[in-house]
Amino acid sequence: MARVITDECVKCGTCASNCPVGAITEGDAKFNIDKDTCIDCGACEADCPSGAIKAE
Ligand code: SF4
């Protein structure tokens with residue numbers, strides 16, 4: 001299991017700054033989570049101001 005970032009992402013970057021394993025990188029339209037790196041800790045979901053991060 002991993003978290004995923006939906007189209008509600010506004011590219012604020014908060015999640016990428018707070019991910020403990022560096023799984024989040026900036027893409028063209030939104031930030032993305034590398035599912036092989038994500039440890040499913042949930043930190044990004046709690047921090048996202050637009051509610052764009054969900055459990056897969
Ligand atoms: Fe990073 Fe945790 Fe979010 Fe996975 S759930 S992307 S490990 S902050």
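What follows is a conversation about the salt bridges, cysteines, core, ligand shell and backbone of this predicted model.

Colleague: To start with the charged side chains, how many salt bridges does the structure hold?

Modeller: One of them joins the side chains of Asp40 and Arg3, with 2.5 Å from N to O, and another joins Glu26 and Lys11. Counted over the structure, the number of salt bridges is four.

Colleague: Which parts of the chain does the pair of Asp40 and Arg3 tie together, and how many residues apart in sequence are they?

Modeller: The side chains of Asp40 and Arg3 meet in a salt bridge. Asp40 lies in the loop between β3 (31–33) and α2 (43–47), whereas Arg3 belongs to strand β1 (residues 3–5), so the pair ties together parts whose separation in sequence is 37 residues.

Colleague: How many Å apart are the closest N and O atoms of Glu26 and Lys11?

Modeller: Glu26 is exposed, with a relative accessible area of 55%, and Lys11 is partly exposed at 29%. Between the closest N and O atoms of Glu26 and Lys11, which form a salt bridge, the distance is 3.3 Å. This pair links distant parts of the chain, Glu26 being in strand β2 (residues 24–26) and Lys11 in the loop between β1 and α1 (14–18). For the atoms you asked about, the value is 3.3 Å.

Colleague: Turning to the cysteines, how many disulfides does a search of the whole structure find?

Modeller: The cysteine sulfur closest to that of Cys9 is in Cys15, at 6.3 Å, which is too far for a bond. For Cys12, the closest cysteine sulfur is in Cys48, at 6.0 Å, again too far for a bond. Over the whole structure, the number of disulfides found is zero.

Colleague: Is Cys48 buried or exposed?

Modeller: Cys48 is placed in the loop between α2 and β4 (53–55), and its C-alpha is 9.7 Å in space from that of Ile5, although the two are 43 residues apart in sequence. With a relative accessible area of 18%, Cys48 is buried.

Colleague: Which residues come nearest to the ligand?

Modeller: By class, the shell around the ligand consists of ten nonpolar, one polar and two charged residues. Of the 13 residues around the ligand, those that come nearest are Cys19, Cys38, Cys41, Gly42 and Cys44.

Colleague: Which residues of the largest nonpolar core touch the most other members?

Modeller: Ile33, leaving aside residues up to four places away in sequence, touches Arg3, Val4, Ile5, Ala23, Ile24, Cys38, Cys44 and Ile53. In the largest nonpolar core, which has 14 residues, those touching the most other members are Ile5, Cys15, Ile24, Phe31, Ile33, Cys44 and Ile53.

Colleague: Where is Val21, and which residues does Val21 touch, not counting those up to four places away in sequence?

Modeller: Val21 sits in the loop between α1 and β2 and is partly exposed at 35% relative accessibility. Val21 and Cys38 are 17 residues apart in sequence, yet their C-alpha atoms are 7.0 Å apart in space. Beyond four places away in sequence, Val21 touches Thr37, Cys38 and Ile39.

Colleague: Finally, what is the phi of Asp40, which is not a glycine?

Modeller: Most residues other than glycine have a negative phi. Lys11, in the loop between β1 and α1, is not a glycine and has a positive phi of about 60°. Asp40, in the loop between β3 and α2, likewise has a positive phi, of about 60°.

Notes
Residues are numbered from 1 along each chain as its sequence is written. This is a predicted model: local features need pLDDT of at least 70, side-chain atom pairs count only at pLDDT 80 or more; totals for chains, interfaces and linings use all residues. Side-chain values use heavy atoms; hydrogens and water are left out. Helices (H or I, at least four residues) and strands (E, at least two) are DSSP runs, numbered from the N terminus. Buried means under 20% relative accessible area, exposed over 50%, partly exposed in between (1.4 Å probe, protein chains only). A residue is near a molecule or strand if one of its heavy atoms lies within 4 Å of it. Ala, Val, Leu, Ile, Met, Phe, Trp, Tyr, Cys and Pro count as nonpolar, Asp, Glu, Lys and Arg as charged, and the others, Gly among them, as polar. A nonpolar core is a set of buried Ala, Val, Leu, Ile, Met, Phe, Trp, Tyr and Cys residues joined through side-chain atoms within 4.5 Å. Contact means heavy atoms within 4.5 Å. A disulfide is a pair of cysteine sulfur atoms within 2.5 Å.
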